[in-house]
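The sequence and the model are shown first.

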Amino acid sequence: MSRSIIHLDLDSFFVSVECLKNTSLKGKPVIVGGSNERGVVAACSYEARKYGVHSAMAGRIAKQLCPDAIFIRGDFDSYSQYSEAVTDIMIIESPLLEKASIDEFYVDMTGMERFLGCYKWANNVKKRILKEVGLNVTFGLSANKTVSKVAVGEAKPNGQIYVPYGQEKPFLYPLPINKMPMVGQQTSHLLKTMGVYTVGTLGSLPMRMLEGVFGQNGRSIWEKANGMDNSPVVPYSAQKSMSKESTYNQDTTDTKFLKAELTQMVMALASDLRGMKQMTGCMNVKIRYANFDTHTRQVQIPYTAADHLLIDYAHELFDKLYSRRMLIRLIGVRLSKLVTGANQLMLFDNSAKLEPLYQAMDYLKKRYGKQTVQRAVAVGNKAA
């Protein structure tokens, strides 16, 4: 039996929220992020896109392409609140919901077709979100997540596309390869050097050829190009916090050792956050002295999942917390105020250029083990 999978995507989400907060921005070229010399574009309005501006572009280039653009620093707290408002509606309306990012949702409607009518259901949800939250939604309906996501890209803005079961190839094959998930800039460039410009050509290649070029990803790319994707819709659950702590057999006052331990904990938590496509907005550091006296300190932080930022916050909290110079038997770190958000949200950080490094580190850890990649300060770390 074929499945019925709906992908819903909030149109130009960051910019749309800014327009709700300031209606004078509607219809104008608006860019969120990228306002300073080293900044990066996090999102842009469709009016700005007409000039060639796109997300992940350097802000200085965006200014050259669109001199009249209105740059806004961005307010993630507002974006999170609007996302939660939409999520509340989706939880009530959906039989099986996955929140893929702050502005994207998958719904598995399999088995509900004769009772609700999937296309009609999606239209009703689209109308409810616009009425109650004020945001436009584009949706795609097909037998799997890949085709529905591609359909959304073709239907934007404020549209909808239904790809019936068995019509995946006729829908996908005429499209350029960069419309496909997993085909980024580097993969696209490599495929074009092979003479592959459309999804149809990509899907017609022998799967073993793609495996030879891209390894295990080659099979997945070939399957997606041919409209095949069995990945399930993962039920949504909001995790409140995550933490790590260590108790030592020998109490210590070695701050260098303790900070190195904190560094390892934070790196592990940050990697887990990125794996779950989440970020944190609050950090708490705990120390327990040899006499079992326990103290904690926390700080609200800009939402992030970047190692270098979180490590700095952890060390700063430790320095403020450890004032008695007594022997310590336990330290720990906890991240809370978790929100769904992927790479695009990190673009508010001017050090977004480090994102490819974190992706490479996470890949190595996943494939070869969590101890594969560590900071130098944590290697061979031993208590004094």
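## Sheets, helices and buried residues

Five strands form an open sheet with mixed pairing, in the order β5-β6-β1-β7-β8. The edge positions are taken by β5 (97-101) and β8 (160-162), each with a single partner strand, so one side of each has no neighbour in the sheet. Direction ignored, neighbouring strands of this sheet are turned by 15° against each other on average. Helix α7 (residues 145-155) packs on the sheet and touches β1, β5, β6, β7 (137-142) and β8; the direction of α7 makes about 140° with that of β7. Within the sheet, strand β1 (residues 5-10) pairs with strand β6 (residues 104-108) in the antiparallel sense over five bridges. D9 stands opposite E104 in β6.

The model is predicted; local features need pLDDT of at least 70, side-chain atom pairs count only at pLDDT 80 or more, and totals for chains, interfaces and linings use all residues. Residues are numbered from 1 along each chain as its sequence is written, and side-chain values use heavy atoms, with hydrogens and water left out.

Some terms need their cut-offs. Helices (H or I, at least four residues) and strands (E, at least two) are DSSP runs, numbered from the N terminus. Two strands pair if DSSP finds at least two bridges between them. Axes are lines fitted to C-alpha atoms, for helices over the stretch in contact, and angles run from 0 to 180 degrees between N-to-C directions.

An open sheet of three strands has the order β3-β2-β4, again with mixed pairing. Here β3 and β4 are at the edges with a single partner strand each, so one side of each is left without a neighbour in the sheet. From one strand to the next, the twist averages 25°. β2 and β3 run antiparallel and are joined by three bridges; the bridge partner of I31 is C44 in β3.

Helix α1 (residues 13-21) has as its buried residues F13, F14, V15, V17, E18 and C19. Buried means under 20% relative accessible area, exposed over 50%, and partly exposed in between (1.4 Å probe, protein chains only). These residues of α1 pack against β1, β2 (30-33), β3 (41-44), β4 (70-72) and α4.

Helix α4 (residues 76-93) has 18 residues and spans 26 Å from its first C-alpha to its last, close to the 26 Å expected at 1.5 Å a residue. The expected span is 1.5 Å times one less than the number of residues. Among the buried residues of α4 are F76, Y79, S80 and V86. Leaving aside neighbours within four places in sequence, S80 is in contact (heavy atoms within 4.5 Å) with I102 and V339.

| Residue | Relative accessibility | Class |
|---|---|---|
| C19 | 10% | buried |
| C282 | 2% | buried |
| S80 | 7% | buried |
| M209 | 39% | partly exposed |

M209 lies in helix α11 (residues 207-214). M209 and W222 are 13 residues apart in sequence and 9.8 Å apart in space, C-alpha to C-alpha.

How many disulfides are there? The count comes to zero, taking a disulfide as a pair of cysteine sulfur atoms within 2.5 Å.

The protein chain has 15 helices and 13 strands. Of its 384 residues, 47% are buried. Among its contacts with a separation of 6 or more, 66% are between residues 24 or more positions apart.
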